[in-house]
Amino acid sequence: MSYPATRLRRLRYLPAVRELVRETRLEPSNFILPLFVRDGQNVRQPISSMPGQFQLSLDQFELEIQRIKDLKLGGVILFGIPPHKDAVGSDSYSDEGIVQRALRAARRVAPDLLLVADACFCEYTDHGHCGVVNDKTGRPGVDNDATLPLLARQAVSFARAGADLIAPSGMMDGMVGAIRGGLDEAGFSHVPIMSYAVKYASAFYGPFREAAESTPRFGDRRAYQMDPAASADQALREAELDLAEGADIIMVKPALAYLDIIRAVHERFPGVPIAAYNVSGEYSLVKAAAAKGWVDERAIALESLTAIKRAGASIILTYWAQDAVAWLRGSP
Ligand code: PBG
């Protein structure tokens, strides 16, 4: 017998064999594209911290939906920059709110495209926090329980405007239960919830806050988002609670620095679809390095997306969604 009997390189020599035995495959339907909508006419405002991404007025947003509707993406997730912010983020639960108008427009243009509404308050409040702020506890901060009914109202309004999936991102305790209750009561028991169940207080969100104009005016989000140093067990508790409250899909965010967490959640809850958010910082770091000629954007992006899927996420929210579809089809 020639040595060695097992040669793992045998499956690596030929491109066709590598393709044949590849376990992790990216598909357009894995991707959800985040889009930012704002007021105005004919606005396609580049987001300087996120090259290639834009704040779009509704007319431009419609054109964008036209362009992407046949890419077979998993869907789009909408973030709104409202014309007026106030203490309770009332634009977010107005049926004439910016996201509600965008949902109706997208539904008209692309009846079959999955529309996800991000349910949170930071883009809509004048203080930039993810809920109602008061100082009941002696320190100004987000009042968890005062925020819940408003979140439910927001979710119902999004569903009424045509959202197919509600994605609460504010890390309030009980948010999934409150939204589930609100949706069910309003006749939307068929609308699933994709919970940002495991969301860390991460510096990787930096570029997004310029995109969504949602930087907190005081303090930070560490009193509600998770500590990056927390053990995977805490992530599992978050996921378990949200599932018990009726979450249909569990999201882990950010993705790349938390692949261990994606894997842990996937293993603990087999059969539960896992989403991962490949966040703004993960995107912009690569864009910046690629602009300097230091890395190959396409190769890094596809490798990152593959790693996220391999870790256990079948749904990836990514700013590369459109590019990735083109790259997977073989365009340079
Ligand atoms: C909150 C929200 C954030 C992101 C998505 N939803 C920002 C935050 O928590 O500060 C970040 C997404 C990204 O960085 O790409 N509504």
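Residue classes come first: Ala, Val, Leu, Ile, Met, Phe, Trp, Tyr, Cys and Pro count as nonpolar, Asp, Glu, Lys and Arg as charged, and the others, Gly among them, as polar. By these classes, the lining of the largest cavity has ten nonpolar, four polar and six charged residues.

The model is predicted: local features need pLDDT of at least 70, side-chain atom pairs count only at pLDDT 80 or more, and totals for chains, interfaces and linings use all residues. Residues are numbered from 1 along each chain as its sequence is written, and side-chain values use heavy atoms, with hydrogens and water left out.

**Cavity and ligand**

Rolling a probe the size of a water molecule over the atoms shows where empty space is left. The search runs on a 1 Å grid over the protein atoms alone. A cavity is a set of points where a 1.4 Å probe fits but cannot get out. A pocket is an open set with protein on both sides within 12 Å along at least five of seven lines. Lining residues have an atom within 4 Å of a point. Grid points are joined across faces, edges and corners, and a volume is the space filled by probe spheres set on the points.

The count comes to one cavity of 30 Å³ or more. The largest cavity is lined by 20 residues, with C122, K199, Y205, F208 and K253 nearest its centre. Helices (H or I, at least four residues) and strands (E, at least two) are DSSP runs, numbered from the N terminus.

The ligand sits in the largest cavity, a term that requires more than half of its atoms within 2 Å of the grid points. Around the ligand are 18 residues, the closest being K199, R209, K253, S280 and Y319; such a neighbour has a heavy atom within 4 Å. This shell divides into nine nonpolar, three polar and six charged residues.

The protein covers 100% of the 400 Å² of accessible area that the ligand has on its own, by the Shrake-Rupley method with a 1.4 Å probe.

**Volumes**

| Space | Volume |
|---|---|
| Largest cavity | about 160 Å³ |
| Largest pocket | about 540 Å³ |
| Second largest pocket | about 230 Å³ |

**Pockets**

The largest pocket has 26 lining residues; G141, V142, M172, A223 and Y224 lie nearest its centre. β7 (141-142) and α7 (232-244) each supply at least two of the lining residues. α7 gives the most, with three. By class, this lining has ten nonpolar, seven polar and nine charged residues.

The second largest pocket has a volume of about 230 Å³. Its lining holds 15 residues, with G52, Q53, E64, Y319 and Q322 closest to the centre. β1 (31-38), β3 (54-57), α9 (280-291) and α11 (321-328) each give two or more. The classes are eight nonpolar, three polar and four charged.

**Backbone**

Most residues other than glycine have a negative phi, and most peptide bonds are trans. K253 and P254 are joined by a cis peptide bond, with omega about -10°. P254 is in the loop between β10 (249-253) and α8 (259-268). N42, not a glycine, has a positive phi of about 55°. N42 is placed in the loop between β1 and β2 (44-46).
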